Structures are given as C-alpha cells and as structure tokens.
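Dear colleague,

I am handing over the structure we spoke about, and you will find the sequence and the coordinates just below. My notes on what I found follow after them, and I would be glad if you could read the two side by side.

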Amino acid sequence: MDLLKNKILEVGVVISKDVIKLDSILNHQVDPQLTLEMGKVFATRFREAAVDKVMTIESSGIPIAFATALELGVPLVFARRKKTLTTDDDAWSERVPSFTKGIVTDIMVSKAYLREGERVLIIDDFIANGDAARGLIRVIRRAGAEIAAVGIAVEKTFQSGGRSIREEGIHVESLVKIASMENGNIIFE
Ligand code: G4P
Ligand code: NA
Ligand code: NA
C-alpha cells in the first residue's frame, strides 16, 4: 500500500534496528483518513473470507480494526489487556509476552462476544514475533471459532511472526512489509 509506505517514510522514526515509532499516525495520534484507507484495503483483500467479526487487541490495533469492520459490515471485538490474570468463567484469557516492551500481559475476551463457529479476522498494527497474534489465535480456537485470516498494517519480515503464522496454514496479509531498518534506513520488501 503505497500511501502507507510514503507516510512511514515521512513520519516514521527508527529507534533501533528492530523498532520504528509511528506515534503520529498509529500508536499515539491517529490519522483518520489513512486509517479509513487501510480499512478499505483490508476489506478488499478479505471480502471473500466470509468474516463474521474482526478482532484485535487494545489499544493500537483498534482504529484499523474498526475501519476494516466498518467496510466489511461486521462487529469489532477488541481483547482487553489485564495486569493480573483474574480467572473468570465468562471470559477466555491467554498470557502474551511482548518482545518490544519486555513484559507479559494477559488478554481477555468475554465468551459473550466470541462464539463457536464464528469466522474471525484478526487485525493488528504491527507484527514482530507474532506473540500478540498467536495469543488471539489461541483464544479464538479455545472458543471453537475459526481464524478467517490475519491482516497486519506493518509486517517486519526480519522478525519471524508473519512467517510462523503463515507456516501454520493461516492466510496473513500485510499492507506494508519492512525487510530491514539497519542504520536507520527503512527498506521495504
Ligand atoms: P509481537 O506481538 O508480534 O510478538 O510483537 P511484540 O510483542 O513486540 O508487540 C508488542 C507491542 O509492540 C504491540 O503493541 C505491537 O504492536 C508493538 N510493536 C511491535 N513492533 C513494533 C515497532 O517496530 N514499532 C512500534 N511502534 N510498535 C511495535 P501493544 O503492546 O499491543 O501496544 P499498543 O500499542 O497496541 O497499545
Ligand atoms: Na502497538
Ligand atoms: Na498492537
């Protein structure tokens, strides 16, 4: 998606060879017009995937997931992050480590909003090692629901998340692939 590539070149701040800050469009401030365009592209790519609902994890995935759900005409459910794992019979919980933040959080989805047999499209802003996406995948499977596909705005292909999820046979689409950020230079695939 050239619009997103150009925005990344314009506003992205490479803070290490592994991490790029996109706070002015995705992770702090949100660019509504760009976000709506991302939703349209995802909706086009997943129109045939028979999606019943879109899922993401709070917080930065929510605007893009919202835009995608709007275009597809389905609900959006976002997994909540909990500081402590409270066992709750009415919710699915999974532990998710974070490469970027170096912490572990627990994600929670109410059983009321994730039903057996539903086809779920996972949307997120970034994929690094794929821990967040795999956490959602575990939740969806435990609920007896199906993974329709995974859509990622920015895939860093020098990290293994996208590849490892594709190797499981899951359809993963990303809007932009970053192959390298060595020496502060963003190289798209
Ligand atoms: P993984 O899930 O793919 O393994 O990645 P990781 O654990 O690193 O993801 C943890 C958080 O860091 C996620 O946000 C993810 O979107 C974000 N992230 C990963 N790589 C980058 C990067 O290069 N730049 C930026 N800006 N973020 C990155 P989160 O914990 O869900 O937080 P939130 O922003 O959604 O609140
Ligand atoms: Na994030
Ligand atoms: Na995210």
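The radius of gyration of the chain is 16 Å, which agrees with the value near 16 Å that a compact globule of 189 residues would have. Please keep in mind throughout that this is a predicted model. Taken along the principal axes, the C-alpha atoms fill a box of roughly 50 × 35 × 30 Å, and the chain holds six helices and 10 strands. Of the 189 residues, 38% count as buried, and among the contacts between residues at least 6 apart in sequence, 62% join residues that are at least 24 apart.

After α4 comes Gly73, with a positive phi near 75°.

The shell of ligand 1 has 22 residues, of which Ser60, Thr100, Ala128, Asn129 and Ala132 come nearest. The elements that contribute two or more residues to this shell are β2 (20-21), β7 and α5 (131-142), with β7 giving the most, namely three residues. Sorted by class, the shell around ligand 1 consists of nine nonpolar, nine polar and four charged residues.

Finally, the UniProt record, an unreviewed entry, carries the annotation "binding site" for Asn27 and Lys156. Asn27 lies in helix α2, residues 23-27, and counts as partly exposed because it has 14 C-beta neighbours inside 10 Å. Apart from its neighbours within four places in sequence, Asn27 is in contact with Leu22, Ser60 and Asp125, and Ser60 is among the residues that come nearest to ligand 1. Lys156, by contrast, is placed in strand β8, residues 146-156, and counts as buried because 24 C-beta neighbours lie inside 10 Å. With its neighbours within four places in sequence again left aside, Lys156 is in contact with Ile127, Ala128 and Ile178, and Ala128 is likewise one of the residues that come nearest to ligand 1.

With best regards

How values were computed
Residues numbered from 1 in each chain as written. Chains lettered and ligands numbered in written order. Predicted model: local features only at pLDDT ≥ 70, side-chain atom pairs only at ≥ 80, totals over all residues. UniProt positions renumbered as here; feature names shortened; annotations may be inferred. Helix = DSSP H or I, 4+ residues; strand = E, 2+ residues; numbered from the N terminus. Buried ≥ 20, exposed ≤ 12 C-beta atoms within 10 Å, placed from the backbone. Contact = placed C-beta atoms within 7 Å. Rg over C-alpha atoms; globule rule 2.2 N^0.38 Å. Near = placed C-beta within 6 Å. Nonpolar A, V, L, I, M, F, W, Y, C, P; charged D, E, K, R; others polar.
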